[in-house]
Amino acid sequence: MARHANIATQSQASSIWGQTQSQPIENIVWGRLYGKNIKMNSIDLNADEFAAGRGETCNLMLTLDYLPEKILYRISKIHFTLKRENCDISNPVYIEDNSRNGTFINGERIGMNKTRILKNDDVISLCHPTNKAFVFKDLCPNEALGLPKEITSTYYVSRKLGSGACGLVRLVFDIRSCEQFAMKMVKKNLLSESNAISRNKQLNSNDPEKVLNEANIMKSLSHPCVIKMHDIIDKPDSVYMVLEFMKGGDLLNRIITNRNLSEPISKLFFYQMCHAVKYLHDKGNFLRLISFI
C-alpha cells in the first residue's frame, strides 16, 4: 500500500509541475493556505510576497469575520509575510514574523523580524502555539521525496547542482537559519560497484567506509580555503554530506566563461591552493584530488 501511495504522490507532483510550466509566470499558484481554526477555506498564493494581518494593505486582512475578538486584538497590522522569490518554484518559501505577539510554525516561535523556511503541511499559529490558524500547502514538486527524515526535518531540498558517477549534489537550505548548503548524496551500492571495477586498477578509494572516513576527516577541518563539511548523515543505502555552498562555481567554468585569468588572479588562486594543501599536510592528511571552487 505504501508503495502505491508513493507513486500516486509522485504522479501528482509531476502533474502540478506540468501545470506550472504551462502557465505564465505571473499566474503560477505555487502554494495555498488552508484555514484551520479560522473562518476561511483556502487562499491561493501566486505572488512574490503575501502579507497577513489587521492592516488594510495586507493581502489577507484579518477581521472579526475570521477570528474571535480575544485573538484579533493581539494580531499585528502585518503579522507575518510569506515570500517566494520571483515565484520560482525552485526557491524555498520564507515566512517572516512581523508581529509582537508571535508567529509559530508547528508550535515553535519564529521571533520578531526573523525568518525561517516554510515547508509543506506546516501549521501556522498566531499569538500562541495553540491558536492554529493555517496549514500551508506547497503545490510545487517535492525534491525531498524518499529522503531520510533526518534531512527533511532539518533542510529544505532545492534544485540539482550537479551529478557524478556515484550520486548527485543538490542545493539545500537550513530550515531555521535559511543558510544555503550543497548536499552531496552518494549511493553506497554505486560506490561498491565502482570499487569493484577500480580493484583491477589497484585503486580502492571508492570503498564506502573510506568515503565516510574522508567525510569525517573533512568535518574536523577548519580553514578559509578548504570547503567546510557541515553535516554527515550515514544511512544503510546512502551517505549524505552537507557541505559549505560555494556560489562562485568551479575554476574550470570561470576560465571558460572569462576565456582566461589575469596573472594577479592566477597567483591568488595558486597561493590559496598552496595554503590549503599546507594546512592539510600539517594536519596529517594527504590529497589524491584537488578541486577548485
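Start by selecting Lys267: at 54% relative accessibility, this residue counts as exposed. Keep in mind as you click around that you're looking at a predicted model.

Glu263 and Lys267 form a salt bridge, with their closest N and O atoms 3.3 Å apart. Both belong to helix α7, and because they are four residues apart there, about one helical turn separates them. Glu263 counts as exposed too, at 55% relative accessibility.

Stay on the helix and pick Ile265, which sits in α7 (residues 263-282). Its relative accessible area is 34%, so Ile265 is classed as partly exposed.

How many salt bridges does the structure hold? The count is nine, and a few others deserve a click.

Select Asp44 and Arg32. Here the closest N and O atoms are 2.5 Å apart. Asp44 is in strand β2 (residues 42-45) and Arg32 in strand β1 (residues 31-35), so this pair ties together parts 12 residues apart in sequence. Asp44 is partly exposed at 38% relative accessible area, and Arg32 is partly exposed at 21%.

Next, go to Asp121 and Lys137, whose side chains meet in a salt bridge at 2.3 Å, N to O. Asp121 lies in the loop between β9 (115-118) and β10 (123-126), while Lys137 is in strand β11 (residues 132-138), so the contact ties together parts 16 residues apart in sequence. Asp121 is partly exposed, with a relative accessible area of 40%; for Lys137, also partly exposed, the value is 28%.

As background, side chains of opposite charge can pair when their charged atoms come close.

**Over to the strands**

Switch to cartoon and highlight β12, β13, β14, β16 and β15. In that order, these five strands form an open sheet with antiparallel pairing. Which strands are at the edges? They are β12 (155-164) and β15 (229-234), each of which pairs on one side only. From one strand to the next, the twist averages 25 degrees.

Five bridges join β15 to β16 (residues 238-244), and the two run antiparallel. To see how they line up, select Asp231 and look across to Val242 in β16, which stands opposite.

Then move to strand β5 (residues 80-83), which pairs with β3 (residues 49-53) in the antiparallel sense over four bridges. Ala52 stands opposite Phe80 of β5. Strand β5 is also joined to β6 (residues 93-97) by four bridges, again antiparallel, and there Leu82 stands opposite Ile95.

**Last stop: the cysteines**

Where are the disulfides? The count comes to zero. Select Cys87 to see one case: its nearest cysteine sulfur, on Cys140, is 9.4 Å away, whereas a disulfide needs the two sulfur atoms within 2.5 Å. Cys87 is buried, with a relative accessible area of 5%. Finish on Cys178: is this residue buried or exposed? At 17% relative accessible area, Cys178 is buried, because the cut-off for that class is under 20%.

Terms used
Residues numbered from 1 in each chain as written. Predicted model: local features only at pLDDT ≥ 70, side-chain atom pairs only at ≥ 80, totals over all residues. Heavy atoms only, no water. Buried < 20%, exposed > 50% of the residue type's maximum accessible area, 1.4 Å probe, protein only. Pairing = 2+ DSSP bridges. Axes fitted to C-alpha atoms, helices over the stretch in contact; angles between N-to-C directions. Salt bridge = Lys/Arg side-chain N within 4 Å of Asp/Glu carboxyl O.
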